[in-house]
Amino acid sequence: MVRIKTPHGVVVLTLEYFSNLVGNIASDSYGVKGMATRSMFEGVRALLFKQDFPEKGVRVYDKDGTLGIDIHIKVVYGVNISTIVENLSDKVKYSLEQSTSLTVGTINIYVDEMVS
């Protein structure tokens, strides 16, 4: 959980909130075909429920007051991967810092699959 102090009190945000937010941002990015599972548990969960879930492929952790983010994605075949990764990293960092006023430390983006 991340606590943000405001003049009106303390706001507590869960790491699941950040995972959902990052997952939605990544899914809507150009060149990203979808989210890849980051563990066997996520793969089994997706198969059992026969649907994707927003936090699929995303791990957010609090590291000394800054957010660390791991994102696993599927990209469209034929698109420049380095451009996709750079744009996604910038978009995630900007969106999180603007919406929560927290500092985003590291963003690790893993391209796990290419889809046509």
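First, a term: helices (H or I, at least four residues) and strands (E, at least two) are DSSP runs, numbered from the N terminus. With that in hand, look at the end of α3: this helix is followed by S101, whose phi is positive, near 60°. S101 is a residue other than glycine with a positive phi. Its place is in the loop between α3 and β6.

Two notes on the source. This is a predicted model, in which local features need pLDDT of at least 70 and side-chain atom pairs count only at pLDDT 80 or more, while totals for chains, interfaces and linings use all residues. Residues are numbered from 1 along each chain as its sequence is written, and side-chain values use heavy atoms, with hydrogens and water left out.

Now the overall layout. The protein has three helices and six strands. From the N terminus on, the order is β-β-α-β-α-β-β-α-β.

Next, burial. Buried means under 20% relative accessible area, exposed over 50%, and partly exposed in between (1.4 Å probe, protein chains only). Of the 116 residues in the protein, 34% are buried. Back to S101 for a moment: its relative accessibility is 59%, so S101 counts as exposed.

On to α1. This helix covers residues 15–27, 13 residues in total. The expected span of a helix is 1.5 Å times one less than its number of residues. α1 reaches 18 Å from its first C-alpha to its last, close to the 18 Å expected. Which residues of α1 are buried? They are F18, S19, V22, G23, I25 and A26. Seen down the axis of α1, these buried residues fall within an arc of 165°, so they line one face of the helix. The arc is that of the directions from the helix axis to the C-beta atoms.

What covers them? Contact here means heavy atoms within 4.5 Å. The cover of α1's buried residues includes β1 (2–6), β2 (9–13), β3 (32–35), β4 (58–63), β5 (66–76) and α3 (81–100).

At 25% relative accessibility, L15 counts as partly exposed. Leaving aside neighbours within four places in sequence, L15 is in contact with M1, V2, V60, Y61 and D62. The C-alpha atoms of L15 and V2 are separated by 7.3 Å, and these residues are 13 apart along the chain.

Now α3. Its 20 residues should span 28 Å at 1.5 Å a residue, and its end C-alpha atoms are 28 Å apart, which agrees. Buried in α3 are I84, L88, V92, L96 and T100. Down the axis of α3, the buried residues fall within an arc of 75°, so they line one face. They pack against β1, β2, α1, β3, β5 and β6 (104–115). The face turned away from that buried side carries the exposed residues E86, Y94 and Q98.

Last, how the two helices meet. α1 and α3 pack at an angle of about 135°, with their axes 10 Å apart. That makes α1 oblique to α3. Angles under 35 degrees count as roughly parallel, over 145 as roughly antiparallel, 65 to 115 as roughly perpendicular and the rest as oblique. Axes are lines fitted to C-alpha atoms, for helices over the stretch in contact, and angles run from 0 to 180 degrees between N-to-C directions. From α1, Y17, F18, L21, V22, I25 and A26 meet L88, K91, V92, S95, L96, S99 and T100 in α3.
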